[in-house]
Every structure is written in structure tokens, then in C-alpha cells.
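I opened my notebook to look up how the inside of this model is packed. I wanted its cores and its cavities.

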Amino acid sequence: MRRIVFWLALTLAFGIVVAVIGAEILYAQQASDPRVADLVRAGKLRAGVGVVAPHWAIKDPATGGLRGVAVDVARALAARLGVDLLPVEYPSPPKILDGLKDGAWDVGFLGIDPSRATVVDFSPPYLQIDATYLVPAGSSIRSITDADQARVRIAVSSKSVEEIVLSRMLKRAELQGVDTVSTGFELLRAGKADVLAAPRPALLQFSTRLPGSLVLEDRFHATFGAMAVPKGQAGRLAYISEFVEEAKASGLVQRAIEHAEVRGVQVAPPGNPSPQ
């Protein structure tokens with residue numbers, strides 16, 4: 001009996017040692033990678049996220065913590081690095097760029113657009129997000145082309161990818177820039193806007209709060225969500241780019257979508273597809 005207990009104890013101790021050695025090897029591998037050594041030394045990953053919709057991040061009403069696709073992807077990256085995740089919250093993804101002024105984040109989660117590439121570099125995309133319109137009950141607008149008419153007011157988040165795309169595309173409709181999608185929704189509900197332009201996942205959420213409203217079936221743009229780093233960090237960009245491709249191929253991004261229970265998005269294709 002004593003011999004059995006001895007071998008059980010020895011086996012347990014050996015397993016603990018292996019686990020510790022494995023963790024130390026993983027840490028050493030990450031710490032020795034010069035591309036992310038500064039993050040490992042700091043012991044934390046500061047991730048800039050827009051708290052606006054589940055494909056980015058939202059507040060969990062039960063816990064008060066953040067959840068969403070971007071949060072799960074950021075958490076997986078932090079785990080790979082062996083550091084703590086520290087979300088840096090912003091009211092919308094475009095506001096994340098404000099954090100560049102004081103170096104508030106290490107990686108940010110943003111929609112890819114060439115106009116932003118002057119201040120940040122993007123990883124390959126991990127998420128494809130359709131952008132479309134929400135219209136109130138009784139609206140005659142049933143397609144994207146229907147909305148591009150004189151005196152049609154389209155609310156859209158200022159400096160968002162959606163605003164950038166629509167400013168290039170629209171010929172007759174009027175764009176109304178707002179601070180957040182929530183602000184735009186209040187304009188729509190109050191009858192001070194005729195259309196709300198935003199990513200489909202956000203609009204599907206807002207539509208439940210406006211009886212009779214409709215999220216259009218077609219889209220005016222497909223945004224690709226990616227991780228971004230400030231300009232001049234080629235090593236860090238290479239590291240997170242490798243991580244993103246692994247996350248797509250392994251099913252990690254798909255699981256994050258399912259965990260967030262988000263509709264209107266899909267895993268981005270491999271590599272760097274062009275926006276549609």
C-alpha cells in the first residue's frame with residue numbers, strides 16, 4: 001500500500017514539475033522573442049477596444065466585465081504571451097486612435113481602412129463585418145440604393161469606416177456624423193434621422209428596441225476587423241499577424257463568434273482580402 005502511495009505521489013510530483021517546466025519554457029520562448037519581449041517584461045497586454053457591439057466589446061450586464069469577439073481574441077493573445085489582459089475601453093472603435101497620443105494601448109481592434117493606415121499598421125483581418133442600414137417602421141427604404149435620395153438623413157459614427165465609405169459613395173443623401181452608434185440610434189428613434197448606418201451586428205441589437213424597424217438585407221460595405229499597432233512596430237506587427245492567421249485556422253475566431261452569440265459576421269478568409 002505504501003509503495004502505491006509512493007508511486008502516486010511521485011507521479012503527481014513529476015506531473016507538476018513537467019507543467020512548471022513547460023510553462024517556464026513557454027515563457028522563455030516568448031521572452032526571448034524580441035518582437036514581444038517588452039510586453040512579456042511588462043506582464044500585461046493593453047488592448048484598445050470599442051465598447052459598442054458584441055463583435056467588438058460590450059459590458060456584461062451580470063458581471064460588469066467586458067465580453068465580445070475582440071475581447072476573446074485579445075485574451076487568447078495575452079494567454080499566448082503569458083501576460084495579463086488589460087482592456088482599454090473607448091466608446092467606439094474610431095476613438096481608439098485617440099490613444100495613440102499618449103501610448104495608451106499596445107494593440108487596438110479596428111476596422112481596416114486606408115485612411116487609418118497613416119497612423120497604424122494592420123494585421124491580416126480576423127473578422128468580416130457587413131455594414132448596412134436600419135430604418136424605422138413605415139420607411140419606404142428597402143435597399144441601399146433607395147436611401148441615396150435628396151433629403152434622406154443618414155446617421156453614422158464620425159470617423160468610422162462606415163462614414164468614410166459612405167462619404168465616397170453617396171450622391172444625394174445627407175450624412176449626419178454622431179459620436180457613437182447609440183447617439184445615431186436616438187436620432188433615428190426621435191425622427192431626426194431617416195437611416196442609421198452601422199455594422200449589422202449593432203443594428204440587429206438596436207432593432208429590438210425600435211418596434212417595426214428593419215435591418216436591410218443588402219450591404220453597402222464589408223469591413224474587415226483586424227488588430228492594429230502604432231506605426232514603426234514592425235516586429236510586433238509580424239508577431240500578431242502570425243497569431244491572427246493561427247487564430248483563424250485553428251477555429252479560435254469562430255469559437256469567439258459563437259461565444260459572443262453575434263450575428264452578421266464571419267471569420268475573415270486567410271491572408272489580406274480586399275474590402276468589398
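I first noted that helices (H or I, at least four residues) and strands (E, at least two) are DSSP runs, numbered from the N terminus. This is a predicted model, where local features need pLDDT of at least 70, side-chain atom pairs count only at pLDDT 80 or more, and totals for chains, interfaces and linings use all residues. Residues are numbered from 1 along each chain as its sequence is written, and side-chain values use heavy atoms, with hydrogens and water left out.

Entry: cavity. I looked for a cavity (on a 1 Å grid over the protein atoms alone, a set of points where a 1.4 Å probe fits but cannot get out; lining residues have an atom within 4 Å of a point). I found one of 30 Å³ or more. Of its 21 lining residues, Trp56, Pro93, Ser160, Glu162 and Pro199 are the closest to its centre. Which element gives the most to this lining? I found β10, with three residues. β8 (153-157), α5 (161-169) and β10 (195-199) each supply at least two.

Entry: α5. I listed its buried residues (under 20% relative accessible area, 1.4 Å probe, protein chains only). They are Val161, Glu162, Ile164, Val165 and Leu166.

Entry: cores. I looked for nonpolar cores (buried Ala, Val, Leu, Ile, Met, Phe, Trp, Tyr and Cys residues joined through side-chain atoms within 4.5 Å). The largest has 53 residues, of which Val69, Phe109, Tyr126 and Met227 touch the most other members. Helix α3 (residues 69-81) gives the most to this core, nine residues.

Technical notes: Buried means under 20% relative accessible area, exposed over 50%, partly exposed in between (1.4 Å probe, protein chains only). On a 1 Å grid over the protein atoms alone, a cavity is a set of points where a 1.4 Å probe fits but cannot get out, and a pocket is an open set with protein on both sides within 12 Å along at least five of seven lines; lining residues have an atom within 4 Å of a point. Grid points are joined across faces, edges and corners, and a volume is the space filled by probe spheres set on the points.
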